[in-house]
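Morning, everyone. Please have a look at the screen, and then I'll walk you through it.

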Amino acid sequence: MRTHRYSLLGAVVVVAAVVSGGCGGSGGSSKNKPASTSAPASSGGAIIKTVTVHESEYKLNPSAIALDKPGTYVFNGVNDGTVAHALAVEGNGVDKDGSHISPGKSGTLKVTLPKAGTYEIYCPVDGHKDLGMEGKITVGGSSSGTGGTHMDENTGTTQTGGTSTRRYGY
């Protein structure tokens, strides 16, 4: 009788271990690439700037991002929507997907943009890109860094001639 109990207990432990091994992951990503790694880097791994991108059905804000120079950036995706979103960056040899971000949450995608040029940023979840969740990242191009209007990637504010106004209505 006692041996039967130990066998039953052992079977329960094995079943529990197998079941829990397949649960509780990180939420997945469309290409199973971890969000915290960078593309092959020519500029090391020092983060130049963090860029916040708000995601909702079905748009990115901002959808046009100008960065001064090639290097490693962190894109902070903030899900303001009601369904899961994610961030992905492609172009010039870069192809990185971040993990899914639940509504009301945020997540990061660390990406090395190795050279000046244009990159695509979009939501890789279930056709969201085709519904309008896409934008452009321009590295080291048209932005002179002085005068005019530019997006402050760290704070989400628009700066024009020394004044700041919130870009987002909340």
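Predicted model: local features only at pLDDT ≥ 70, side-chain atom pairs only at ≥ 80, totals over all residues.

Residues are numbered from 1 along each chain as its sequence is written, and side-chain values use heavy atoms, with hydrogens and water left out.

Confidence comes next. pLDDT is the predictor's confidence in each residue, from 0 to 100. The chain has a mean pLDDT of 72, and 56% of its residues reach 70 or more. Over residues 2-44 the pLDDT is below 50, and this stretch has 42 contacts beyond near neighbours in sequence (a contact means heavy atoms within 4.5 Å). Residues 143-170 also stay under 50 in pLDDT. There the model has 45 contacts beyond four places in sequence.

Now the whole chain. We have one helix and 12 strands. These are DSSP runs, numbered from the N terminus: helices are H or I with at least four residues, strands are E with at least two.

How much of the chain is buried? Of the 170 residues, 32% are. Buried means under 20% relative accessible area, exposed over 50%, and partly exposed in between, with a 1.4 Å probe and protein chains only. The accessible surface is about 9,500 Å², by the Shrake-Rupley method with a 1.4 Å probe. Carbon and sulfur atoms hold 54% of that surface. Take contacts between residues at least 6 apart in sequence: 65% join residues at least 24 apart.

Five strands form an open sheet in the order 3-9-8-5-6, with mixed pairing. Two strands pair if DSSP finds at least two bridges between them. Strand 3 (64-67) and strand 6 are the edges, each with a single partner strand, so one side of each has no neighbour in the sheet. From one strand to the next, the twist averages 20° (axes are lines fitted to C-alpha atoms; angles run from 0 to 180 degrees between N-to-C directions).

Look at strand 5, residues 88-91. Strand 5 pairs antiparallel with strand 6 (residues 94-97) over four bridges. Ala 88 sits opposite Asp 97 in strand 6. Two residues lie between the strands of this hairpin, and Asn 92 takes a positive phi near 50°. Strand 5 also pairs antiparallel with strand 8 (residues 117-122), over three bridges. Here Val 89 faces Ile 121 of strand 8.

Thr 112 is in strand 7 (residues 106-113). Thr 112 counts as buried, because its relative accessibility is 0%. The side chains of Thr 112 and Thr 72 make a polar contact of 2.8 Å. A polar contact is a pair of N or O atoms within 3.5 Å; within protein, one must be able to donate a hydrogen and the other to accept it, and residues adjacent in sequence count only if both atoms are side-chain atoms.
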